[in-house]
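Please open the model in a viewer and keep the selection panel at hand.

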Amino acid sequence: MKEEVQQPTATRGWIRPYVRKQAVRFLAVSLIATLAVACGAALLFTSGYLISRSALQPYNVLMVYVPIVLVRTFGFGRAVIHYVERLISHDMVLRILSAMRVRLYRALEPQAVHIRSRYRTGDILGLLAEDIEQLQNVYLRLALPYTAAVLVYAAGVLILGYMDAAFAVLIALYCGFLLITVPVVTLLASRVIRKKHLKERSLLYQETADSIFGMNDWLLSGRTNHLLERLAQRQAAMADLDRRNRRKEWRAEWIMQCIGGGAVLLMAVWAGSMSTSGQFAPEWIAAYTFVTFPLIEAMVRAGQAVIASPDYRVSTRRLQEVEAAGTAEMEAKTETTTGVNSPAAPADASAEASADASVAAPASIPSINIKDGPSDAFIHLDGVGYRYPGSEGWSVRDIHLKVQTGEKIALIGRSGAGKSTLFKLIQGELAPQEGRISIAGVEAQAAREAGLFSVMNQQPYLFDTTIANNIRLGRQNASDEEVMAVAERAGLGELIASLPKGLETPVRETGSRFSGGERQRISLARVLLQNRPIVLLDEPTVGLDPITEQRLLTTLFQNLQGRTLIWITHHLTGMEQMDQIIFLDGGKITMQGSHEQLLQQHERYRQLYALDQPLL
Ligand SMILES: Nc1ncnc2c1ncn2[C@@H]1O[C@H](COP(=O)(O)OP(=O)(O)OP(=O)(O)O)[C@@H](O)[C@H]1O
């Protein structure tokens, strides 16, 4: 599959551009599908003739030899044509789907860092798991059968018209009713139920995702039965809507089958009258009657596909929404990286570059070279403000902050003060709505993409593999010696020596064999291996006892000496080692200065510091 399907843009929809791109294949498959129906029709036509002719007991089998051969040929031909049709149509659809998946990925990728705040997880799962799959049915179950049915309809009416114009008009109207009126009326009648069904499904996905994320809390609260009941209710509501919907579809199908039966009767009566009037021999009555079956079946299938079409529309709408958001994000990114707000990397940063550890930056991003060890990272926040989409108030505002290379900053504040938001802004996960952020002379997002940050968070995730592999997440190509060296620097030496398999010891699922402090040390070893100039610490000591906390902090500060450090914390342990301490409250800076300055100038700080000394 070397052929590359061009990626249509957001404005060009999710169906037509691909049909246009694959027009030749689409046309070929439609003709082959029509041929398959025609072959089926010919099979029954000749069968009908053969049965009638045989019933008249010809004196020699050779009298029916030709229809026998034809029945065999059409029977065999139908299977072969059907197979070829499936082969080509699935090949075409797989090409289209692969192009669509690439396109969806490209739409989602620029939004990756905001994905959890922008979409609900259930919707994303639905999008990835269902929507693209749904679209394959547009081609296989809707477009192709409908095109084939219309072609069969047109050919049938033309052939009949050649024999009897008035009857051809009657059949055209009759089958038109089958092909258009019944599906459209059914669609309109089931619109409300379908809408409800989609809403319920989205809620079910959302609640299931929520429940999985919060499974621990449900278990701890002892209310798992309540959760299961709620999910069961939601499922029952959906199943009920499903049933009502299906009932409507079955009714429509039943009506279509009845209409089809009527068409067969009409044909039988017409063929009878044609025979009576001497237009053709009586043997042809069965042939004309039988031929109606496969033709009607093709039309009923097309009608059913139309009835299922709203599901496809919902999928395309969701894909279009995601793509529009992705395009907006890309445009914003392009403006950010090429706009006037993006000064080039400072001269001294590149001057100090060392070849062995430079980070290849994407073309549009000023290249930032990171030398082995701390470099000239300089963080400058100038009047920064951010308000989450849909929120009334600002989560942070008026933030002015200058951090010199190698400085250690503590961000302190109660819950909801805006620490994490500020963190995300510095990391380039969020773009400021007011003011600007520059890191080593470039926008935060560019700094992030150039790999200037390492992050240690509250609960580092350990994968179910060896300690060495978990540390290697920091740098895949690190040698065993390098991994051991950082593990020792992180204070894991003794622990590793006590394990029979040393660095090759499996950590077990989610790292359950290690204590909180040990897990943080593994995370520190990863950070050391990454060797990046800015390290962001998001409460890495939360939940640790005071002694373990002190020890971990000592290891951290010793090993991260010289790097620019920003540390989110809730309390004041270790503040003496910080160059700047920033208090946030209600999204604003309320106190700022070194430990000594704050002790001298702020009574409140003195009180907080005294209160926060651990009882060792
Ligand atoms: N995704 C979001 N959408 C809307 N509002 C948000 C979102 N995330 C945070 N906020 C709001 O922004 C404000 C600051 O939140 P933030 O998470 O930055 O505080 P924090 O100081 O890090 O709190 P904590 O210590 O509890 O993590 C809060 O009022 C919070 O409700």
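**Annotated spans and helix H2**

In this predicted model, begin with the record: an unreviewed UniProt entry places the feature "transmembrane region" at residues 26-50, 62-81, 138-160, 166-189 and 254-273. Select residues 26-50, a span that is 100% helix and 0% strand, with its end C-alpha atoms 35 Å apart. Next select residues 62-81, where the end C-alpha atoms lie 28 Å apart and the span is 85% helix and 0% strand.

Now select helix H2, residues 23-55. Its 33 residues should span 48 Å at 1.5 Å a residue, and the end C-alpha atoms are 47 Å apart, so the two values agree. After H2 comes Gln57, which has a positive phi near 50 degrees.

**The nonpolar cores**

Which residues have the most contacts inside the largest nonpolar core? Select Ile409, Ala410, Leu411, Ala525 and Ile582; the core that holds them has 67 residues. Helix H18 (residues 516-530) is its greatest contributor, with six residues. Centre the view on Leu411: setting aside residues up to four places away in sequence, Leu411 touches Lys419, Leu422, Ile566, Trp567, Ile568, Ile582 and Leu584. Another core, of 66 residues, lies apart from this one and includes Leu43, Met267, Val291 and Ile307.

**The ligand and helix H13**

Select the ligand next. Its surroundings comprise 12 residues, the closest being Tyr388, Ser395, Ser415, Ser420 and Thr421. Helix H13 (residues 419-427) gives the most to the shell, with three residues.

Is H13 largely enclosed or open? Eight of its nine residues are buried, so H13 is largely enclosed by the rest of the structure. The buried residues of H13 are Lys419, Thr421, Leu422, Phe423, Lys424, Leu425, Ile426 and Gln427.

**Trp394 in its loop**

Finally, select Trp394, located in the loop between strand S1 (379-386) and strand S2 (396-403). Trp394 counts as partly exposed because it has 18 C-beta neighbours inside 10 Å, whereas a buried residue needs 20 or more. Leaving out residues up to four places away in sequence, Trp394 touches Gly385, Tyr386, Arg387 and Gly587. To finish, display the distance from Trp394 to Gly418: their C-alpha atoms are separated by 9.2 Å, and the two residues are 24 residues apart along the chain.

Methods
Residues are numbered from 1 along each chain as its sequence is written. This is a predicted model: local features need pLDDT of at least 70, side-chain atom pairs count only at pLDDT 80 or more; totals for chains, interfaces and linings use all residues. Helices (H or I, at least four residues) and strands (E, at least two) are DSSP runs, numbered from the N terminus. The expected span of a helix is 1.5 Å times one less than its number of residues. A nonpolar core is a set of buried Ala, Val, Leu, Ile, Met, Phe, Trp, Tyr and Cys residues joined through C-beta atoms within 7 Å. A residue is buried if 20 or more other C-beta atoms lie within 10 Å of its own, exposed if 12 or fewer, and partly exposed in between; C-beta atoms are placed from the backbone. Two residues are in contact if their C-beta atoms, placed from the backbone, lie within 7 Å. A residue is near a molecule or strand if its C-beta atom, placed from the backbone, lies within 6 Å of it. UniProt positions are given in the numbering used here, feature names are shortened, and annotations may be inferred rather than shown by experiment.
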